[in-house]
Amino acid sequence: MSQGPLMPKATAVWLVENTSLAFEQIADFCKLHPLEVKGIADGEVAAGIKGLDPVSTGQLTRDEIEKAQKAPHYKLKPAVSKVKLPEVKRTTKGPRYTPLSRRQDRPNAILWLLRNHPELKDAQIIRLVGTTKSTIQQIRERTHWNSGSLQPMDPVTLGLATQINLDFEVQRAAADRPAAVAADSGASLLPTEVSTARDAQEPEEDHGGREERLDADSVFAKLKGRQQDEDDEA
């Protein structure tokens, strides 16, 4: 169902007074009941309403009216506007609106976020609880006028933010954090596979060393025995 013209009764008044269109044609174009249009023609409905010319407002063309006057069953087609208005985009800039009953709990929620999620940026805290950057700075530096009475409270429990939004902002902050350098973390434990493999190899190496020492002793003993035999023969 197409949208009717602006000020449908005023448009119907003008069409009744200035054209020979059938009541059904006017009713269909203005989205009115045919009895309402008949009442307008009889002066019983829309008394005192000034007619609105749909041609001058660009809602209907003169050719379309003439075409409909020649065919009583023809349905009027609204004129297509040649001017395209840009779509209105919703802006999300500025702090989110917070009900008056919950605004007093906002500083407690900010303090909770600063203590439990220091990785969050000010812009993320603003999106979560609908505050300002100056308020966050005052609470962080403990210069807020009510700093002595503030108590950290979960914004989800207070109803200032949803758990889904909080988790999303925390994950985003973690993703933006630079990756930790392995060298700065110091020495790390070796995997179990490496340590067990090394322990299994050590006895074999010791055994091999013993065999090498035994072989060396036997060689020296043989050499010493030969030398004694040569001395005896001499």
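## E169 and its partners

A polar contact of 3.0 Å joins the side chains of E169 and Q124, and another, of 3.1 Å, joins those of E169 and R127. A polar contact here is a pair of N or O atoms within 3.5 Å; within protein, one atom must be able to donate a hydrogen and the other to accept it, and residues adjacent in sequence count only if both atoms are side-chain atoms. This is a predicted model, in which local features need pLDDT of at least 70 and side-chain atom pairs count only at pLDDT 80 or more, while totals for chains, interfaces and linings use all residues. Residues are numbered from 1 along each chain as its sequence is written, and side-chain values use heavy atoms, with hydrogens and water left out.

Where does E169 lie? E169 is part of helix α9; helices (H or I, at least four residues) and strands (E, at least two) are DSSP runs, numbered from the N terminus. With a relative accessible area of 6%, E169 is buried. The terms work like this: buried means under 20% relative accessible area, exposed over 50%, and partly exposed in between (1.4 Å probe, protein chains only). Setting aside neighbours within four places in sequence, E169 is in contact with L120, Q124, R127 and L128, where contact means heavy atoms within 4.5 Å.

## Three salt bridges

How many salt bridges are there? The count comes to three, a salt bridge being a side-chain nitrogen of Lys or Arg within 4 Å of a carboxyl oxygen of Asp or Glu. One of them brings us back to E169, whose side chain meets that of R127 at 3.1 Å, N to O. This pair links distant parts of the chain, with E169 in helix α9 and R127 in helix α6, 42 residues apart. R127 is partly exposed, at a relative accessible area of 40%.

Another salt bridge joins the side chains of D122 and R140 (2.9 Å, N to O). Because D122 lies in helix α6 and R140 in helix α7, the pair ties together parts that are 18 residues apart in sequence. D122 is buried at 16% relative accessible area, whereas R140 is partly exposed at 38%. There is also a salt bridge between D42 and K38, with their closest N and O atoms 3.1 Å apart. D42 and K38 both sit in helix α3, four residues apart, which is about one turn of the helix. An α-helix has 3.6 residues a turn, so residues three or four places apart point the same way. D42 is partly exposed, with a relative accessible area of 44%, and K38 is partly exposed at 40%.

## One side of helix α3

Which residues of α3 are buried? In this helix, which spans residues 34–42, they are V37, G39 and I40. They cover an arc of only 155° around the axis, so they lie on the same side of α3; the arc is that of the directions from the helix axis to the C-beta atoms. The buried residues of α3 pack against α1 (8–18) and α2 (23–30). Just after α3 comes G43, with a positive phi of about 80°.

P5 is found in the segment before α1. P5 is buried, with a relative accessible area of 11%. Leaving aside neighbours within four places in sequence, P5 is in contact with T11, F29, C30 and Q59. P5 and K31 are 26 residues apart in sequence, yet their C-alpha atoms are 8.2 Å apart in space.

## Nonpolar cores

A nonpolar core is a set of buried Ala, Val, Leu, Ile, Met, Phe, Trp, Tyr and Cys residues joined through side-chain atoms within 4.5 Å. The largest has 20 residues, of which I110, L113, L120, I125, L128 and V129 touch the most other members. Helices α5 (106–116), α6 (122–129), α7 (133–140) and α9 (163–176) each supply at least two residues of this core, and α5 gives the most, with six. A second, separate core of 18 residues includes L15, F29, C30 and L60.

## The chain as a whole

The secondary structure of the protein chain comes to 10 helices and zero strands. Of its 234 residues, 27% count as buried. Among contacts with a separation of 6 or more, 62% are between residues 24 or more positions apart. The accessible surface of the chain comes to about 17,500 Å², of which 53% belongs to carbon and sulfur atoms. Accessible areas come from the Shrake-Rupley method with a 1.4 Å probe; for residues, only the protein chains shown count as cover.
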